[in-house]
Each structure stands twice: as structure tokens, then as C-alpha cells.
Amino acid sequence: MSDLHTPLLRWYDEHARDLPWRRTTATAWGVLVSESMLQQTPVARVQPVYDAWMERWPTPASLAAAPVGEAIRAWGRLGYPRRATRLHAAATVLVERHDGAVPETYDALRALPGVGDYTASAVLAFAFGRRQAVLDTNVRRVLARVVSATEFPPNAVTAAERAVAVDLLPSAEPTAATWSVALMELGALVCSAASPACATCPLRAHCAWRLAGHPAYDGPPRRGQAWEGTDRQCRGRLMALARDADGVVSTRAMARAWPEPEQRARCLASLVADGLLAHSGDGYALPA
């Protein structure tokens, strides 16, 4: 499979986007922040929030010293705001157990709040230049097509997928790290889910899916994400009120934002349980 390396690495050298977390000036903390923000969120939405976040909290210690409510407020409309509370918790652990530095081992990274296999692997590869397979949605889709002649990967990462990803890593650590980010970039810019640009793909001569005639996906139904009328929409609307308020948001204002009482009550209770809102008098506010 080494014949894949040269064309993809050459393509990445010419087409890689200039993103702040990829620059040589990026710190390991900056990479961890970016990976937390980029989960299920497009780069275009993340970059301005990331830039403001890193200007305000350039180190784990600076974030750990701030109220968690300010982290939630700064997270803005990126979605899944528990990521903000977990990043704040991770910063606190980094200060308390790692002298304010991001650790360089997989197990230590996995022990941080909110850090799973993907994030730990991404930090090792992109912050420390390690030979580590990084399996996000884009990488998994590229490998499914190029290697397995399948339009889309399974819903969850399989042992076979991981074995393929590890086997394809170049032997040299810095090159392996670049290979990992190049796969990710190819999936984002060329080998997209809906409209893959096969004619311009640097791996088109080697792609098993293209050579097989682009067979349609016939695996288990792919998970979609509903929005309208869901608890996710309700929670998002209630959180927006709290983020934009100078103080407490009254229960009456919450009711105006989401009139359905049972769903509103359920979502408020879940937001309090998740540490995203706190009861305050006759209303709710971001946690102190």
C-alpha cells in the first residue's frame, strides 16, 4: 500500500488549508482545544471561536482559573456545549496533575475528562508527531473507499478498520503524522460524503471503490441527526438564552423560548444535571 503515500503527501503539500492548529506555532494545548471543538462541527464554524478562545486562554492554567460558565459562554453556538465543560475539567486536571502541560502518552491523554480514543490519537499525531492511527469520519470514509471498495464505513470503528489504518502508516513518525492529517484533509475537501470529486483525487488510480464502479452503500442504515422539535433543539435554544444574558434568565423567559412545558422541563433538568445551567432564584444562569 506504500504506493498511496507519495501521491497523497504531495497533494497535501499543495492543497492543505492554512489552519491555526496546524501551524508550527501551535501548542499541544491548542491542538487539544481544536480537536475538542472540531468534533461534529465544521472548520468554518470552529476557527473564529478557536481564535478567540486561544487568545483568551492560551494555556490550560488560564482556562482552569476561569469560571466554567465563562467557558460555556465562549463556546457560543458550536453545539454540544458539554465539550466546553469537559475541556475546562481537562484543563483543571492538567494543572493539578501534569504541571499545566499536555501529556505525551496515550494513557495519560485518555485519562483526561472528555478525551476518547480519537482525541488522544489526534493529539499524539498532530501535536507530538507520533506514528498513531487517527480515525475520524473523514479518514474512515477515505480508507473504506480506497482500500475496501465501500462507499461508507460501518457506523462504529471496527478492529479491521483500525488494522488497515495502522498498516498504512508510514514507518517514519513525522511522515506518519502528516499522512494522518492528509487523509483527513482529503476526506474533507475531495472524498466527501455526498459529492466526491473523484476526477481530482490524488488516489484515483488506486481507489478500489472507483475501480469497482462506485458501488452504492448496502450496509446497515446510516445514522442521521434530526433537529426540528428535538430535545437537542430545545436545549440549544435554552442555552442560547443563558449565554446571551447578563445574569439570571427567568423561568417565564425560558417558557417563551420553548412553550412546550414537559419538554422544556425535561431539557432544563438535563442541562442542570450536565453542569451547563444552575438554578438561581426563580430562574437559571450559567454556572459560576
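Visitor: Start with the second largest pocket. What's its lining like by class?
Guide: This is a predicted model. By class, 9 residues lining the second largest pocket are nonpolar, 3 are polar and 2 are charged.
Visitor: How much space lies in that pocket?
Guide: About 170 Å³.
Visitor: And which residues lie nearest its centre?
Guide: Leu143, Ala144, Ser148, Pro154 and Glu161.
Visitor: Switching topic. How do helix 3 and helix 5 cross?
Guide: At roughly 150°, and their axes come within 10 Å. Helix 3 covers residues 43-56 and helix 5 covers residues 68-75. The crossing angle therefore makes helix 3 roughly antiparallel to helix 5.
Visitor: Which residues make the contact?
Guide: From helix 3, Val49, Trp53 and Arg56. From helix 5, Glu70, Ala71, Ala74 and Trp75.
Visitor: And the classes there?
Guide: That contact has 5 nonpolar and 2 charged residues, with no polar ones.
Visitor: Zoom out. How many helices and strands in the chain?
Guide: The protein chain has 15 helices and 3 strands.
Visitor: Why call the chain as compact as a globular protein of its length?
Guide: Because its radius of gyration is 21 Å, close to the 19 Å that the globule rule gives for 288 residues.
Visitor: What box do the C-alpha atoms fill?
Guide: Roughly 65 × 45 × 30 Å, along the principal axes.

How values were computed: Residues are numbered from 1 along each chain as its sequence is written. This is a predicted model: local features need pLDDT of at least 70, side-chain atom pairs count only at pLDDT 80 or more; totals for chains, interfaces and linings use all residues. Side-chain values use heavy atoms; hydrogens and water are left out. On a 1 Å grid over the protein atoms alone, a cavity is a set of points where a 1.4 Å probe fits but cannot get out, and a pocket is an open set with protein on both sides within 12 Å along at least five of seven lines; lining residues have an atom within 4 Å of a point. Grid points are joined across faces, edges and corners, and a volume is the space filled by probe spheres set on the points. Ala, Val, Leu, Ile, Met, Phe, Trp, Tyr, Cys and Pro count as nonpolar, Asp, Glu, Lys and Arg as charged, and the others, Gly among them, as polar. Axes are lines fitted to C-alpha atoms, for helices over the stretch in contact, and angles run from 0 to 180 degrees between N-to-C directions. Helices (H or I, at least four residues) and strands (E, at least two) are DSSP runs, numbered from the N terminus. Angles under 35 degrees count as roughly parallel, over 145 as roughly antiparallel, 65 to 115 as roughly perpendicular and the rest as oblique. Contact means heavy atoms within 4.5 Å. The radius of gyration is taken over C-alpha atoms; the globule rule is 2.2 Å times the number of residues to the power 0.38.
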